[in-house]
Amino acid sequence: MKQLLHFFQSGEDKPVSPDLEYINQEYKRHRRNIIWVITLCYGLGYVCRLAFNVVKKPLMDSGVFTPEELGIIGSSMLYGYALGKFTNGLLADHAHVGRFFAAGLFLSAMSNLGMSFSDLAWVSALLWGLNGWFQGFGAPSSVVSMANWYTNKERGRYYGIWSTAHSIGEGLTYLGIAWLIAAAPKGLGLDWQWGLWTPALIVVIAAVIVWRFIPDRPQALGLPPVAQWSSDKGAKPAVAQSEPVWRTQLKVLTYPSIWILAVASSSMYITRYAINSWGNVYLQEIRGFDLFDANLFIFFNTVAGILGCLVYGFVSDKLFDARRPPANLIFGLLELGPLLVIFYGPQEPIILAIALVVYGFGLSGILASLGGLFAIDIAPKKVAGAAMGFIGVFSYLGAGMQDYISGKLIYESEIIFTFPTQQDNFNVYFYNYDKPILFWVGASVLSVILATSLWKIRAAD
């Protein structure tokens, strides 16, 4: 165990090399590699996080799991991720992030592989819960990497590039994996397993790339800190703190605005993961699309999310002088309006596609604020990580609660039509989505109201 911990631990600081040319070359090489590797591989990691959502309909059709069981399994991953986001964030600060991130990707791939051989709900729930925890290695490792290799005044731009990984990963999952299942050889009894085997292979490859190209901290490589290397004027020297950091962390948890923001983020995550988890099933069950077309529609909103993140930052910074609540209201309405069209609007595919695009744009923008940016504004800067971790736990607890409640509501609406045949009865299952839709839309309404209630809150000094 000691050897294992030592392997993943960040190395000791080495004496700084006197060769300035070597230092510059190493910094330029690693900085060039890191942003593309963490963006690409974090996005690829999403394929192992979301593949189960794509195979839900085939699993239901095959009678492997009921909707309620699928909800329990999906919830276990989100609860595992909520825990992982907190614990792995603490660990990543002390780890060789390349090895730590790679291990998380590899273990997530193994969880997907194990899922493909399980038809027991409790085994699948256990595997998927572990997958959630393993998935929690990625974001902390990426953020620590950016903090170590990019300066204060440029980190925002690189963070924006990395943030697109979420939408890229979702798009790859809902389009690529759905196509794979639709194109898989039929009649072998393995139709849905392809949707778990291929993500596992992809993410193993991503783990190898991370292992190869994500380095330890600059100081562990004999390089100076990034602020010293770049003479970053935005990097202020450390000053004595008026009180211990842990005490300030506890104080942040007494801020009413942080609690309101946590509930607002949790509510919006209910809607986000409802669409991610059940949107493609809804489009197949109620709107009559096939598996590939349904996931193609979900793909539209994930692509729009890339633009939504970038535009939200510009609007809130430039138009509202870094005030988040006005931008939250605008993007919240851009998320909520199309949601009503998706569920209660006309049946035309073009209108549905436009609604999903606008929904994805608005959702990604407001989540950029509720899921992290606004928390950093409110909290003292020295405990920004604690504030984000607190919001993250609430967000994914909400997402996990959603999957179970949605699955239960759908299962309770089950209607079975039985058609007799010469050999045996043939059952057709129908599910009503009226109650889940009210739950999903209601969560968005609550989130927008709570976010708007923080109208007068400004950033802490």
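This is a predicted model: local features need pLDDT of at least 70, side-chain atom pairs count only at pLDDT 80 or more; totals for chains, interfaces and linings use all residues.

User: What volume does the largest cavity have?

Analyst: About 70 Å³.

User: How many cavities of 30 Å³ or more are there?

Analyst: The count comes to four.

User: OK, the second largest cavity. What lines it?

Analyst: Asn53, Gly74, Met77, Leu78, Trp128, Tyr273, Ser277 and Asp403. The space in there is about 50 Å³. Its lining has four nonpolar, three polar and one charged residues.

User: Which helices supply at least two residues of that lining?

Analyst: α4 (67-92) and α12 (256-285) each do. The largest share, three residues, comes from α4.

User: Where does the second largest cavity lie relative to domain 1 and domain 2?

Analyst: It lies between them, because domain 1 (16-230) and domain 2 (245-460) both give residues to its lining.

User: Back to α2. What span should its 35 residues have, and what do the end C-alpha atoms say?

Analyst: At 1.5 Å a residue, α2 should span 51 Å. Its end C-alpha atoms are 51 Å apart, so the two agree.

User: Where does α2 bend?

Analyst: At Cys48, by about 35°.

User: Is α2 mostly covered or mostly open?

Analyst: Mostly covered. Of its 35 residues, 25 are buried, with the cut-off for buried at under 20% relative accessible area.

User: New topic: α7. How far does it reach from first C-alpha to last?

Analyst: α7 covers residues 138-149, 12 residues in total. It reaches 17 Å, close to the 16 Å expected at 1.5 Å a residue.

User: Why call α7 largely enclosed by the rest of the structure?

Analyst: Because 10 of its 12 residues are buried.

User: Which residues of α7 are the buried ones?

Analyst: Gly138, Ala139, Pro140, Ser141, Ser142, Val144, Ser145, Met146, Asn148 and Trp149.

Definitions and conventions. Residues are numbered from 1 along each chain as its sequence is written. Side-chain values use heavy atoms; hydrogens and water are left out. On a 1 Å grid over the protein atoms alone, a cavity is a set of points where a 1.4 Å probe fits but cannot get out, and a pocket is an open set with protein on both sides within 12 Å along at least five of seven lines; lining residues have an atom within 4 Å of a point. Grid points are joined across faces, edges and corners, and a volume is the space filled by probe spheres set on the points. Helices (H or I, at least four residues) and strands (E, at least two) are DSSP runs, numbered from the N terminus. Ala, Val, Leu, Ile, Met, Phe, Trp, Tyr, Cys and Pro count as nonpolar, Asp, Glu, Lys and Arg as charged, and the others, Gly among them, as polar. Domain bounds come from an automatic or database domain assignment. The expected span of a helix is 1.5 Å times one less than its number of residues. The bend at a residue is the angle between axes fitted to the seven residues ending there and the seven starting there. Buried means under 20% relative accessible area, exposed over 50%, partly exposed in between (1.4 Å probe, protein chains only).
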